[in-house]
Amino acid sequence: MKLSLALSILLAAPAAQAFSTNGGAFVRSTRAVAARPLFGIMDEVNSDAFDLLSSVAKSAGDTQKAQQEGGISPQLEAAYEQFLGELVFSANDPRMDIINNIDRCGDQEWLDWLQSKGENSKDPEERIALKDLYEMITDVQKKMELSRMAEERAAKEAEEAEAARLAAAEADADAGRKLSGADILKKAGAIDAAAGFDGVVQEEKEKVNFYESELTPEIRLSYEDTLKKVLPPYAAGESTASVVFNYYDQFDAQFVKVLTERAANGDDDSSALLEALAVEQQNRLTAATESLKSVLAQGEPGRMMGAVVKLAREGKVDEAFLLLLEANATQARDAGAHGPAELMDQLRKRAIEEKDKQASSKEIVLIRKLLREDSAAEREKILEDAFTPREQFLVAGTPENAQRALDGEVPEEQKPMPDVPPPDFVNACKAVMLNFGNLETDDERGDLATRIKTIASEAEVVATRIFGKGMTLREQQDRAWKEQTTSIFDLETMEINAERMGESAPWTNPDADDDIIPGFDASGKMKIGG
């Protein structure tokens, strides 16, 4: 009777709020989750615990209380904490983890929880880290939305252009029906005169310069956050000049176009920013000129290279210095002085290499190096050098190796690893495309996204040649299963080797009672009672 009463109470209790974090969004269901392990029925009946609501019903009560108070359930809180740990302690680029888990990262309740957790944190470092993560997620969401808007606008423009082309063709057809025989012959002669040697009419399409291209709504929206940083009102002690100095690296050509458009529409703050930017650029160009004079004063090319390395370590190799080297090389080449032009090119190349060493990761350095190389053969050599595994001459300073050294043992040797593992290179390419994929150049190389995809395809060929063809998830599972099993032929070999040594394999020794599972006899039958 008591057992039936207990079961009826448990079944009648409100269901608790469950969750799921298996790669998708947070799933809120009405399925109950037990808070403690379930033992045998007789164990429960004979125990002294008569709190019948201590498991499912109590969990449901906590959930209902959290919902009534406007909070979240303990189960969902645990799911949020677990997902936050996955993002924080991941070895990947955080932006790529956000994109791969955009369903959960874009969950508004989780974003509100993350923002609240950061604001209420008492640890300053944790508060800053959570705030940066929140801003990074919202930035990724905004860029993905802008990309979607740009694709929709491009599709709409292509559809309108196709409709206009069809309308023009229909109009030409109607006009052609009204032409006389003589008019048709004249028009055919005009077409022949416009045709090339192969008989195909050459249509010249004027390429629009970057500065003459139109600003799209998506471009304007993408700079809203930057405008909030650099436009007034300023904090105490800030000025237009100090803001330009602090955010100088964010004043790219596209952003200057946005400021120019705003200034043309009568925005005085944008005009003041452009004036301060011109002054800052002149100051940097003057400093770069003095740096270049100090390099050329060394006299010998070897000493010049050393001076460039010193400037790079002092942080004086900036955009103005590199542009000044390029301008001098171009001027010398146009004047017929090929020797000085070659020297300027070598100095610029060395300056870029030294500046790349200050980058945050080897993957970014590799991408920059590949983007600067126009030859596909040279890019292939660079990729082979970066992807080829190498022996590690220095032992990693891990706690395990330190303990082995104290014990007089040889530290564990690491497997040969490439300078840039291909998976890390792939993630870096995705991150670059996400942040700068819409950048275009005035040459024939196209936008950055196209060039990154070309480099990625070349990297795939090189990686396949070095490491072999990649495996799908199903192939990886099959391989893991195969490597974790032992064939009967291997077992037979082990038995023969044991017999040669006067021993016996564990599974062939009938007297090995120690290997018998408790509760079972030697024949493998379960023992019940004494």
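These legends describe close-up views of a predicted model.

View 1. The chain has 530 residues, and buried residues make up 24% of them. Now take the contacts with a separation of 6 or more: residues 24 or more positions apart account for 63% of them.

**View 2. Helix H17 spans residues 338-356.** H17 has 19 residues. From its first C-alpha to its last it reaches 27 Å, close to the 27 Å expected at 1.5 Å a residue. Several H17 residues are buried: Ala341, Met344, Leu347, Ala351, Ile352, Glu354 and Asp356. What covers them? The cover includes helix H14 (268-296) and helix H15 (301-313). It also includes helix H16 (319-334) and helix H18 (362-372).

**View 3. The largest nonpolar core has 20 residues.** Six of its residues touch the most other members: Val295, Val317, Phe321, Leu325, Leu347 and Ala351. Helices H14, H15, H16 and H17 each supply at least two residues of this core. Leu347 and Ala351 are also among the buried residues of H17.

**View 4. Phenylalanine 321 is a member of the largest nonpolar core.** Which residues does phenylalanine 321 contact, leaving aside its neighbours within four places in sequence? They are Ala288, Ser291, Leu292, Val295, Leu311, Lys316 and Ala351. Two of these, Val295 and Ala351, are listed with Phe321 among the core residues that touch the most other members.

**View 5. A second, separate core has 19 residues.** Its members include Ala386, Leu448, Ile452 and Ile455.

**View 6. Proline 232 and proline 233 are joined by a cis peptide bond.** Omega is near 5° for this bond. Most peptide bonds are trans. Where does proline 233 lie? Proline 233 is in the loop between helix H11 (224-230) and helix H12 (240-246).

**View 7. Cysteine 105 and cysteine 429 are both buried.** Cysteine 105 has a relative accessible area of 0%. Cysteine 429 counts as buried because its relative accessibility is 6%, and the cut-off for buried is under 20%. A disulfide is a covalent bond between the sulfur atoms of two cysteines. How many disulfides does a search of the whole structure find? The search finds 0.

Technical notes: Residues numbered from 1 in each chain as written. Predicted model: local features only at pLDDT ≥ 70, side-chain atom pairs only at ≥ 80, totals over all residues. Heavy atoms only, no water. Disulfide = S-S within 2.5 Å. Buried < 20%, exposed > 50% of the residue type's maximum accessible area, 1.4 Å probe, protein only. Helix = DSSP H or I, 4+ residues; strand = E, 2+ residues; numbered from the N terminus. Expected span 1.5 Å × (residues − 1). Contact = heavy atoms within 4.5 Å. Core = buried A, V, L, I, M, F, W, Y, C linked by side-chain atoms within 4.5 Å.
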